[in-house]
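We will go from one to the next, selecting as we go.

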Amino acid sequence: MVDLEFVLWLVLLLILRAHTGADARFRFASYIDNHMVLQKKPAGAVIWGYGISGAAVTVTLCQHQETIMKKVTTVKTYSNSWMVILEPMKAGGPYEVMAEQTFGGRNLTLRVHDVLFGDVWLCSGQSNMQMTVSQIFNATRELSDTAAYQSVRILSVSLVQAKQELEDLAEVDLRWSKPTSENLGHGNFEYMSAMCWLFGRYLYDTLRYPIGLVSSSWGGTPIEAWSSGRSLKACGVPKQGFILSDSTAGPSERSVLWNAMIHPLCNMTLKGVIWYQGESNVNFNRDLYNCTFPALIEDWRQTFHHGSHGQTERLFPFGFVQLSSVLSSVASDDGFPQIRWHQTADFGYVPNVRMPNTFMAVAMDLCDRTSPFGSIHPRDKQTVAYRLHLGARAVAYGEKLTFQGPIPEKIELSAFKGLLNITYSQRIQVQRQDAKIFEISCCDDHQCKWLPAPMNTFSTQTLALSISSCRGTLVGLRYAWTTWPCEYKRCPLYHPSSALPAPPFIAFITNQMRANNKVAQ
């Protein structure tokens, strides 16, 4: 006679096999690991993973063997995934997160330790975001400066492409870790992102609580690769017929990095995102960038808000670096200036109505002629990260401080004096007089050309330009509209106390105008 206990065991085994799909092994999501940072209150952190369909999963948060909270859920049938949202926690730690799966009388337990609560920032883009700490100025000192920043934790996503949206990361280059000289400078363009690290370090210096940094970037990639099909369709991006340039050395196919390197993170509760990209779009759908970039921001916000079940803010803070400079053999090339302008949705500044809750670091004055990685990769990531963190402190944390350089507020034409007067939104510091960085568009006999408008006189908030070179009709004005506007930290206009440079702009000319007019053609 067959042993009844054996029969029951066999039936249970068959049930387990029937419920086991490709992801049915009980596990946390790929990025839930020891040393991680979870988003602090007022948001709740999301803990999720995979298991056996129909099984019960209990997630427990502990500290010093004391249970802080328990959450119970069930593994979904269609996806073999489970998820809980923790109650909002104040910044601090360390904690242990334990997940226990119960199915058919069998229990399995997972644990991750040294978990902190703080603010989690995602860092993405192309090679200027990907550059590691070993590649920047003062690398040796920066790599050794980690002891005071053990509460700044880092994670680096592997370079992976996918045709369809992935639910979890296929690979991770650097699992959640405390910073060391080895993992901050692991080769060139590998891990950890210097921009990401320095931004987080500056934030930690101000906030004094844990910061989690997730780096997901790939050099030589256009924005189309980081965008969902939805946002590309909204901007009318053609599906075929791209003409790639030398600057698109990485994957350029639509959505392949969104699918594999961003979408798998969308369940994560975030504080915000920083972005450094655009060089690969200088000759690749450049004219659409004033749509594709705002559309990417909006789509990422919507996806992360939905993926985290409303825990990531719907309009979470999004910061970015306006393109720096590059040595160009083409004297009249305006590809970089156009992208810089399009990065602001053609306003010249952020935040604006098309890009709410955003902040920008101007980097056109941080050029690097002798960079061993090419002038397109300037090594001063400290200054640009510092400028970007000022924007985060103002926009993301509500601090009252100056986070952007002077912006034109009013432009008045005094034709009888041969002057064009610019009033700025804040005080200006004229670091040097420049005869070429301002240009006017002068039209005569249906032909227009850009002519230099030398800086004339200035006061604390106004600047006069000489327009005597224009014998026709003056129709436009632009500032720093070149690939390489000035030498290192030597642009003419800065904010006097913060040393933040005035951003580039282009505008139509009327008797009196605001700076947010549409770009002159």
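Select cysteine 486 and cysteine 491: in this predicted model, the two form a disulfide, with their sulfur atoms 2.0 Å apart. Turn the view to look along the S-S bond; its torsion is about -80 degrees, so this disulfide is left-handed. Both cysteine 486 and cysteine 491 are buried.

Cysteine 367 takes part in no disulfide, and the nearest cysteine sulfur, that of cysteine 486, lies 6.0 Å away. With a relative accessibility of 8%, cysteine 367 is buried.

Next, pick cysteine 442 and cysteine 470, whose sulfur atoms are joined in a disulfide at 2.0 Å. Here the angle about the S-S bond is 85 degrees, a right-handed link. Cysteine 442 is buried at 7% relative accessible area, and cysteine 470 is buried at 13%.

Now move to cysteine 123 and cysteine 196, a disulfide with an S to S distance of 2.1 Å. This link is right-handed too, with 65 degrees about the S-S bond. Cysteine 123 belongs to strand 8 (residues 106-125) and cysteine 196 to helix 5 (residues 194-207), distant parts of the chain 73 residues apart. Both of these cysteines are buried.

From cysteine 123, go on to cysteine 266. What is the distance from its sulfur to the closest cysteine sulfur? That sulfur, in cysteine 123, is 18 Å away, too far for a bond. Cysteine 266 is buried, with a relative accessible area of 7%.

Counting bonded cysteines along the chain, the pattern is 1-2, 3-4, 5-8, 6-7, 9-10.

Note on methods: Residues are numbered from 1 along each chain as its sequence is written. This is a predicted model: local features need pLDDT of at least 70, side-chain atom pairs count only at pLDDT 80 or more; totals for chains, interfaces and linings use all residues. Side-chain values use heavy atoms; hydrogens and water are left out. A disulfide is a pair of cysteine sulfur atoms within 2.5 Å. Helices (H or I, at least four residues) and strands (E, at least two) are DSSP runs, numbered from the N terminus. Buried means under 20% relative accessible area, exposed over 50%, partly exposed in between (1.4 Å probe, protein chains only).
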